[in-house]
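Work through the exercises below with the sequence and the 3D structure open. Try each task before reading its solution.

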Amino acid sequence: FEDSIENRHFQVYLQPKIGLKSNLLEGAEALVRWNHPQRGIIFPSEFIPLFESNGKICRLDLYVFEEVCAAMERWKQAGLPLVPVSVNLSRQHFRDAGFLDTFAGIASRFSIPDNVLEFELTESIFFDNQQIRTVRQAIQEMHSMGFLCSLDDFGSGFSSLGLLKNLPIDVLKIDSLFFDEGPDRNKDMALVEGIIDMVKKFDIRTVAEGIESMDQVEYLKRIGCDYVQGYVFYRPMPQSDYEALLIQEC
Ligand code: C2E
Ligand code: MG
Ligand code: MG
């Protein structure tokens, strides 16, 4: 791990989020890949669980965040628009009460403006009321530091409506399992429509994850979903490809 951090074997890919009103690229998510010198490209499902259990994940998340800040600085210098980027934040950070200061320090070193960096939290971090209070305070602190916050993989685990009430999130990412076109399709559609209607009333924007067909895109447009992230538009791509896309779109 240390060797790979030092030698920059971890690569930050970006997957565009498309705005359903504009049909334009309006954001991206940073997703890490490990370009291992012996094993080639390794996907996060193979190493994130390990780094979650040995504590290395916090260092990796900071690395990814810094790479994103550095990329944004490059885009700014190249005259490209600062399209917002989200990064995934492991639950392990919450063990350290001051963890956000480190992130804020990096963002200010690169002079990143407010409201273009977003932290994605997975709903699985929530266990008890004390933890919900901790996360609520962290989200308030994120806002005061100029960061946005989204709730990732909503619906994949123990999603609770209480979370939507208690956490002042900006964005809800609806998990791809609602879009798998399985036998429960009617229930999936009812749930997705209900979730989108409900959170609109709290001014929370919605992202549908893992969208692979244009039929799904048309449907999501009709029911008022704000953004789509999925292979139907783009797969996660290296930063150089993403930059080419930014140039082409702007
Ligand atoms: P996630 O945050 O929910 O990211 C979305 C995952 O869905 C990504 O997988 C993405 O490549 C995949 N995806 C996007 N669109 C589609 C689609 O249309 N179809 C299908 N089948 N898949 C799609 P990826 O990149 O393998 O990442 C897996 C998970 O690993 C992420 O899920 C996230 O929880 C975690 N992860 C990735 N990078 C980081 C990181 O830097 N830090 C932390 N803590 N976790 C990370
Ligand atoms: Mg995510
Ligand atoms: Mg997700």
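Both D152 and E209 are buried, where buried means under 20% relative accessible area, exposed over 50%, and partly exposed in between (1.4 Å probe, protein chains only). The model is predicted, and local features need pLDDT of at least 70, side-chain atom pairs count only at pLDDT 80 or more, while totals for chains, interfaces and linings use all residues. Residues are numbered from 1 along each chain as its sequence is written, chains are lettered from A and ligands numbered from 1 in the order in which they are written, and side-chain values use heavy atoms, with hydrogens and water left out.

**Exercise 1.** Find the residues that coordinate the magnesium ion (ligand 3), and locate D152 and E209 in the chain.

Solution. 
- Step 1: Look for donors, which are N, O and S atoms within 2.8 Å of the metal (3.2 Å for Na, K and Ca); water is not among the atoms, so sites may look incomplete.
- Step 2: D152 (OD), D153 (OD), E209 (OE) and E209 (OE) coordinate the magnesium ion (ligand 3) at 2.1 to 2.4 Å.
- Step 3: Along the chain, the donors of this ion have the spacing D-D-x55-E.
- Step 4: D152 belongs to strand β6 (residues 148–154) and E209 to strand β8 (residues 205–209), so this pair, 57 residues apart, links distant parts of the chain. Helices (H or I, at least four residues) and strands (E, at least two) are DSSP runs, numbered from the N terminus.

**Exercise 2.** Which protein donors does the magnesium ion (ligand 2) have, and which residue coordinates both ions?

Solution. 
- Step 1: E29 is in strand β2 and N88 in strand β4 (residues 85–88), so the pair ties together parts that are 59 residues apart in sequence.
- Step 2: E29 has 4% relative accessibility and therefore counts as buried. N88 has a relative accessible area of 25%, so N88 is partly exposed.
- Step 3: D152 coordinates both the magnesium ion (ligand 2) and the magnesium ion (ligand 3), which are 4.0 Å apart.

**Exercise 3.** Describe the surroundings of ligand 1, and state how much of ligand 1 the protein buries.

Solution. 
- Step 1: Ligand 1 is surrounded by 22 residues, of which R33, D61, D152, E212 and Y231 are the closest. A residue is near a molecule if one of its heavy atoms lies within 4 Å of it.
- Step 2: β2 (25–36), α2 (44–54), α3 (57–77) and β6 each give at least two residues to the shell. The largest share, four residues, comes from β2.
- Step 3: A nitrogen atom of ligand 1 lies 3.2 Å from a backbone N or O atom of V32. An N or O atom in the side chain of N88 is 2.9 Å from an oxygen atom of ligand 1. For D152, an N or O atom in the side chain is also 2.9 Å from an oxygen atom of ligand 1.
- Step 4: Ligand 1 taken alone exposes 800 Å², and the protein buries 78% of that. Accessible areas come from the Shrake-Rupley method with a 1.4 Å probe.

**Exercise 4.** What is the phi of D153, and what is the phi of E181?

Solution. 
- Step 1: Most residues other than glycine have a negative phi.
- Step 2: D153, in strand β6, is not a glycine, yet has a positive phi of about 55°.
- Step 3: E181 is not a glycine either and has a positive phi of about 55°. E181 lies in the loop between β7 (171–174) and α7 (185–200), and counts as partly exposed at 46% relative accessibility.

Definitions and conventions
Polar contact = N/O pair within 3.5 Å; in protein donor to acceptor, adjacent residues only side chain to side chain.
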